[in-house]
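User: I would like to learn how to read a few features of a structure. Please take them one at a time, with the general idea before the case.

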Amino acid sequence: ILILGVLKSQVNTFSPYSYFGVGELSNSFNPAAVSMGGLNSVFNKNNSVNFINPSTYSLLNQTAFEVGNKTTFSKIANQNVDQNNFNTSLSHLSLGFPISKKIGFALALLPYSSVGYNVSSSNQNLELGTILHNYTGEGGLNKFVIGSGWSITDNISVGLNWNWFFGTISKNTSVSTGNSPIYFGDEIVFSMGDFSYDLGLIVKQKVSDYQLSLGAIISPEKKMSSKISRMQYTYSYSGDFVSVIDTILSENNNFDSEISLPLNYSIGLSVDNLSSWIVGVEYTYTNWSIVDYLIWEPSLYSLVDLSQLSMGVQFIPKKDDIYNYFNTIEYRLGITYSSGYLDLAHLSNSKIESTNLDQIAFNVGMGLPIKKASSMLHVGLKYNVSLNNDNLETIEHSFVSLNIAITLNEKWFKKIKID
């Protein structure tokens, strides 16, 4: 029997799948790119920071400060129970500005992954009675980005991001039996603090009345310095208080654990008419299978490579319309299909062939100009659903997220001319 529960502490996700790997990937991107399905490699604007592809920093012609929030309504279901959850959190902070006509600089702070689950399973034993296993976890990893982009020519730009990953993930397991008041507890705390880097490329080429853009990002595999602490003990309850009976194992940062962040690359292509519309497509690959043995208890699950295909469009009816505000809004649509990260057949102990976690997401959004403030308010909705195999006894997880962000623009480093 599988029972789902909600954590009482503050977490940024409620997903049983966040038990695996480094948790549920946050996928925090530029809000316009999110509403266009996640076109991160090729999305570029001269007044907005795309902190995923550092080469786009060189295209900034003014300072752009951005702050975003994500509110998620999720549903978790299996054969026994349905559960609805709600959480809201900061999605990103970013600041970018041009240093010269060819060089741009940017900073960003965003979540990388989130852990939040409370799952119980039970089975019957003739001697011990009902054996109950309860699994809880919380925490996650964050990323601080600092990078620069350089326009080599009018058509080609390159960039580099330095990423500082930091955060703590705690996982707790308790085991109890119907015939004993004594519980067994196993607590694991994982913490990370280390650097990685991304390389970015953007190539623009004007063809007739249209502009073609090719974008690419690569994040090489990187072994990250981390620490793991573990404690195993027996305990009992005295009213609402926990009383530890005996400590079986205690390892407080006794050993370093080098966890690899996997190779990741994206390549995208877009076409626009330089005034009112843009259409793009992107493919992303992440080599998650290499970290399968690096997280705790690898025999319980399997990470697999992740492939993702994104498509999106943006349309502005009449950007310079001074009479009808609705004609100046940026309307966005996008769709994303992904396959991988988790092997569901392995998780459900199924004897059928490997079955990836397949998900599809539909996105819609708007960019609302704030003309007097030279800024823009971004509003986006995303509906994400897992496409589980009917032959697998897996947990269905779907969610709707509301993304709201504001971009504030200003001219810095102005040269004052004196007549």
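User: Where is the place of Ser 339?

Analyst: First, the ground rules. This is a predicted model, in which local features need pLDDT of at least 70, side-chain atom pairs count only at pLDDT 80 or more, and totals for chains, interfaces and linings use all residues. Residues are numbered from 1 along each chain as its sequence is written, and side-chain values use heavy atoms, with hydrogens and water left out. Helices (H or I, at least four residues) and strands (E, at least two) are DSSP runs, numbered from the N terminus. Ser 339 lies in strand S17.

User: Is Ser 339 buried or exposed?

Analyst: Buried means under 20% relative accessible area, exposed over 50%, and partly exposed in between (1.4 Å probe, protein chains only). Ser 339 has a relative accessible area of 17%, so this residue is buried. In the chain, buried residues account for 50% of the 419 residues.

User: Which residues does Ser 339 touch?

Analyst: A contact means heavy atoms within 4.5 Å. Leaving out residues up to four places away in sequence, Ser 339 touches Asp 305, Leu 306, Ser 307, Asn 356, Leu 357 and Asp 358. With Asp 358 there is also a side-chain polar contact of 2.6 Å. A polar contact is a pair of N or O atoms within 3.5 Å; within protein, one must be able to donate a hydrogen and the other to accept it, and residues adjacent in sequence count only if both atoms are side-chain atoms.

User: Which strands does S16 pair with, and over how many bridges?

Analyst: Two strands pair if DSSP finds at least two bridges between them. Strand S15 (residues 277-286) is antiparallel to strand S16 (residues 303-315), with 10 bridges joining them. In that pair, Trp 277 is opposite Phe 315 in S16. S16 also pairs with strand S17 (residues 330-343) in the antiparallel sense, over 11 bridges. There, Gly 312 has Gly 334 in S17 as its bridge partner.

User: What does a positive phi tell me, and which value does Ser 208 have?

Analyst: Most residues other than glycine have a negative phi. For Ser 208, phi is near 60°, a positive value in a residue that is not glycine. Ser 208 sits in the loop between strand S8 (183-207) and strand S9 (210-219). With a relative accessible area of 59%, Ser 208 is exposed. Leu 274 is another case, with a positive phi of about 70°. Leu 274 is in the loop between strand S14 (264-272) and S15, and at 45% relative accessibility it counts as partly exposed.

User: How do I read a pocket, and how much space lies in the second largest pocket?

Analyst: Rolling a probe the size of a water molecule over the atoms shows where empty space is left. On a 1 Å grid over the protein atoms alone, a pocket is an open set of points where a 1.4 Å probe fits, with protein on both sides within 12 Å along at least five of seven lines; lining residues have an atom within 4 Å of a point. Grid points are joined across faces, edges and corners, and a volume is the space filled by probe spheres set on the points. The second largest pocket holds about 940 Å³. It is lined by 34 residues, and the closest to its centre are Lys 45, Asn 46, Asn 47, Lys 319 and Glu 330.

User: Which strand gives the most to that lining?

Analyst: S19 does, with three residues.
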